[in-house]
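Here are some exercises to work through with the model open beside you. Try each task before reading its solution.

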Amino acid sequence: MLRFLVRRLLMTVLVVAVTSVVAFSLVHLSGDPAAAMAGEGASPADVESVRKTYGFDRPLPEQYVTWLKRVFEGDFGRSHYLRASVAQVLADHAPITITLGALAIAFAVLLSIPLGVLAALYPNTLVDRLAVGLAVGGQAVPSFLFALLLIYIFGVTLRVLPISGSGSWAHFVLPAIALGYYATPAIMRLTRSGMLDALQSDHVRTARAYGLPAWRVIIKHALRHAMIPVVSLIAVQLGFMLGGSIVIETVFALKGVGYLAWQSIQRSDIEVIQAILLLIAAAYALLTLAADVLNGAIDPRIRVG
Amino acid sequence: MTLDAGETLAVVGESGCGKSLSAMAITGLVPPRAKLIADRIALKGKSLLGLREREWRGIRGRRIAVVFQDPMTSLDPCYTIEDQMREIGRQHLALDARALRARMLDLLRQVGISSPETRLSQYPHQLSGGLRQRVMIAIALMCEPELIIADEPTTALDVTIQAQVLRLLADLQKEHGFGLILITHDLGVVAGAADRIAVMYAGQVVESGPTDTVLSAPAHPYTEGLLHSIPVPGRTARGAPLGFIPGVVPRPDAPHTACGFINRCSRPVSACATPIALMPIDPAHAARCIRPCLGGQIVERHPATETAA
Amino acid sequence: MSVTAAMPTDVPRAPQSPGAVALRRLLRHGNFRIGGTILGLIILAAIVGPWLWPLDPASQDLGHRLAVPVWSAKGTWLHPFGTDQLGRDYLARLLQGARVSLTIGFLTVLLSGVIGTGLGVAAGYFGGRIDVAINFLITIRLTLPVVLVALVVVAVYGGSLPTLIVVIGLLLWDRFAVVTRSATQQLASRDFIISAQAIGSSIPRILFVELLPNLIGPLVVVATIELAHAVLLEAALSFLGLGVKPPLSSWGLMVAEAKNQLLFRPWMIAIPGTPLVALVLAINLVGDAIRDAVAADGRA
């Protein structure tokens with residue numbers, strides 16, 4: 001287990017290192033940051049002075065090393081638009097995105113796993129067809145459209161839930177559903193197929209033949225096995241949600257990291273953009289690592305040699 | 001099929017003839033698509049047909065235990081041996097944690113496991129196939145069941161281990177006095193281990209009787225064919241070709257409108273085209289055939305009306 | 001599951017190629033018929049629509065701004081689907097949006113398919129260090145958030161069609177690579193590849209003549225998934241204002257522009273939203289049906 005963990009950890013570090021290069025070059029190779037920072041209508045002299053102050057005149061590899069060093073010290077640079085340190089700006093926006101992501105994945109898991117289990121317990125019945133139909137239909141609706149639909153139904157027609165801002169828990173209900181529903185079809189399908197396999201497995205037959213109650217067999221002996229691939233999928237989906245939160249936060253005017261990214265792109269606030277890119281990539285890498293560790297806990301064949 | 005306490009009944013037949021399914025039917029676990037045709041399934045005179053799920057749970061593992069074919073997959077890989085034994089023990093036995101653990105250790109010792117404490121804390125994938133099958137047997141013994149069904153318990157094991165496991169089952173049976181249903185396709189296993197034998201073909205018992213009688217004087221042509229297809233020391237001539245039964249087993253869901261063996265039989269007559277009942281030859285021996293072989297002679301019998309075994 | 005398992009009785013008419021069998025199975029598949037019909041209609045609308053309804057989608061009729069569609073009380077046939085805030089004809093914009101969605105969808109899938117298949121086949125066939133390197137590349141790609149990276153690039157280079165196609169194409173190759181890699185690994189150990197190696201066939205010959213035809217089944221399935229993905233991604237980028245730029249029209253852009261009309265003119269969102277959902281649904285249905293058809297003979 002230790003060797004496995006160390007190898008996985010090294011891999012994660014390597015992946016994040018390479019992504020940091022990608023994040024940096026993506027932002028720096030794509031235009032003149034000095035001109036963007038100086039703003040429209042700045043004189044060439046102003047642009048030049050910005051270039052000097054921020055070190056944009058030095059070669060890119062050198063800039064990258066400087067940036068990385070500072071990142072290790074917790075300094076992500078300054079947002080020239082918001083006139084604040086990037087770390088501070090991110091700290092202000094992150095709680096909303098983390099809350100949203102957690103609620104969204106909770107919604108997705110609580111909806112899709114029971115549905116997947118039910119569909120597997122009663123294959124080819126109405127429940128199963130309904131679940132699969134929901135999955136196929138759900139996958140076809142773009143998240144922004146679904147978000148607008150939710151707003152129209154619950155915010156405009158029924159007027160039961162707020163449709164923008166982040167003042168109370170109620171503000172998170174619609175965004176979490178809009179963000180979470182997109183992950184449900186995949187999780188539901190994988191749960192269903194995993195449960196179908198697990199229910200036919202020999203050890204489940206053993207559990208039944210020894211008189212264990214049905215719910216116990218289903219949850220303890222079948223679901224646990226079906227969950228092994230699902231855990232990895234949930235980690236991946238949570239990673240996607242970090243990216244997908246851009247759309248949802250924009251629609252619901254939630255001032256989270258996604259909204260910040262969208263605004264920063266339009267303001268050419270490059271220090272913020274590269275920090276967000278790096279953080280999301282690192283979060284994704286850590287999530288997959290966490291999924292592997294969790295799978296080790298579920299399945300002793302991974303954990304114990 | 002009937003079985004007394006302390007007795008071993010061997011159920012033999014080709015693959016796909018419904019041996020395992022019949023055995024699972026005794027525990028009330030048949031796949032939802034399988035249709036069960038039986039008049040009576042009973043344990044100690046009490047019918048098991050039509051039991052509720054809750055009632056079944058008190059029987060499964062408690063009074064009837066099953067040892068499955070493949071010990072590699074029959075134990076849950078996610079839990080230690082202790083977890084799995086404890087779960088079943090808790091379900092059926094009113095023992096406190098300490099007594100239950102003592103019981104588990106005792107059971108593992110009984111099935112010949114030398115370091116039971118270590119084994120308890122291990123996961124199935126850390127044990128060899130033979131050890132896992134011993135663990136399965138220990139689990140089966142947990143509640144002192146009246147009946148143990150061993151479904152091809154040795155097929156997945158190495159040849160050297162097979163004999164050990166069969167020996168173990170026989171010894172345990174002597175000690176605990178449970179009835180044993182041994183499902184196998186290996187007649188070699190049957191000869192030494194079983195008191196009585198039931199030969200199954202296409203979902204039906206075609207012949208049943210004491211092991212010695214059935215093996216030495218098979219009445220049904222199918223049993224005869226089975227016996228000819230394995231070499232027996234001293235009976236099969238050296239170099240003589242082994243017999244085989246032409247054709248394949250009919251689909252088990254095919255309607256029983258004729259003798260199921262009619263297309264593969266060496267001595268069919270036109271009367272075989274009706275459903276054949278299991279008819280007694282003597283009080284202990286019966287065959288589903290209207291022209292059984294008795295004492296080396298083929299005897300004509302009148303087709304009786306169908307009655308299920 | 002489809003109920004198309006071939007019964008022994010209807011197989012041996014004439015010797016049929018596995019492709020023909022899969023195609024026949026596909027044509028009988030209910031989902032394929034529904035999805036194929038919708039997809040066909042949208043493609044047809046994209047091709048002949050602007051020709052049948054030749055109004056300029058970019059021309060602004062300021063006298064008829066926010067006109068209602070023909071089915072509401074005051075609607076007229078002048079603008080059957082009404083007009084937007086700038087008085088542009090909604091039907092004409094919708095038809096142009098179909099062209100944009102399909103063009104971006106098909107071209108990005110072509111690009112990402114070539115990249116992903118190339119990498120996947122190389123990784124699966126050569127193995128070893130090449131495999132490790134390409135696997136690492138796939139991991140890196142998965143770590144980068146698609147929407148964010150696309151937004152950054154589009155923000156810099158602008159939302160022209162070619163830029164969008166290249167950006168999306170460069171981001172969606174991962175699934176092609178993963179699937180072809182494992183399929184190639186399985187095929188590489190099969191007899192017909194080994195015998196081709198044994199008789200000294202060149203590597204390009206083995207890859208293109210022996211290997212690639214056997215990858216078509218899984219490739220088509222992945223292509224449908226990524227086609228739907230690309231259409232959704234373009235719509236999302238355009239919705240965020242960093243995709244297709246006016247005066248060009250896109251369904252995502254139309255929804256974004258009508259966002260503020262949600263309260264009083266919900267049809268302005270429903271009109272571009274419906275074909276978008278229908279298109280993605282149709283692609284998914286066709287993809288599922290193809291997966292059933294190729295999986296049933298054990299080749300996928």
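A salt bridge here is a side-chain nitrogen of Lys or Arg within 4 Å of a carboxyl oxygen of Asp or Glu. The model is predicted, so local features need pLDDT of at least 70 and side-chain atom pairs count only at pLDDT 80 or more, while totals for chains, interfaces and linings use all residues. Residues are numbered from 1 along each chain as its sequence is written, chains are lettered from A and ligands numbered from 1 in the order in which they are written, and side-chain values use heavy atoms, with hydrogens and water left out.

**Exercise 1. Find how many salt bridges cross the interface of chain A and chain B, then describe the side of chain A.**

Step 1. The rule finds two salt bridges across this interface. One of them pairs the side chains of B:E87 and A:K220, at 3.5 Å from N to O.

Step 2. Look at which elements of chain A take part. Helices (H or I, at least four residues) and strands (E, at least two) are DSSP runs, numbered from the N terminus. Those giving two or more residues to the side that touches chain B are α10 (202-209), α11 (214-252) and α14 (300-303) of chain A. The most come from α10(A), with six residues.

Step 3. Sort that side by class, taking Ala, Val, Leu, Ile, Met, Phe, Trp, Tyr, Cys and Pro as nonpolar, Asp, Glu, Lys and Arg as charged, and the others, Gly among them, as polar.

Step 4. Chain A and chain B bury about 2400 Å² between them, with 59% of it on carbon and sulfur atoms. Of the area that chain A buries against chain B, 29% is supplied by A:R205, A:A209 and A:Y210, more than any other three residues.

**Exercise 2. Work out what chain C and chain A bury between them, and which residues form the salt bridge.**

Step 1. Begin with contact, meaning heavy atoms within 4.5 Å. Chain C brings 38 residues and chain A brings 40.

Step 2. The buried area is about 3300 Å², and carbon and sulfur atoms give 84% of it.

Step 3. One salt bridge is counted between these chains. It joins the side chains of A:R189 and C:D288 (3.4 Å, N to O).

Step 4. On the side of chain C that touches chain A, α11(C) gives the most, with ten residues. By class, that side has 30 nonpolar, five polar and three charged residues.

**Exercise 3. Explain why strand β1 of chain B is largely enclosed.**

Step 1. Apply the scale: buried means under 20% relative accessible area, exposed over 50%, and partly exposed in between (1.4 Å probe, protein chains only). Five of the five residues of β1 (residues 8-12) of chain B are buried, so the strand is largely enclosed by the rest of the structure.

Step 2. Check the directions. B:T8, B:A10 and B:V12 point one way, B:L9 and B:V11 point the other way, and all are buried.

Step 3. Find the partners, given that two strands pair if DSSP finds at least two bridges between them. Five bridges join β1(B) in parallel to β6 (residues 179-184) of chain B, where B:A10 is partnered with B:L182. Four bridges join β1(B), again in parallel, to β7 (residues 196-201) of chain B, where B:L9 has B:R196 as its bridge partner.

Key. Buried area = accessible area lost by both parts, 1.4 Å probe.
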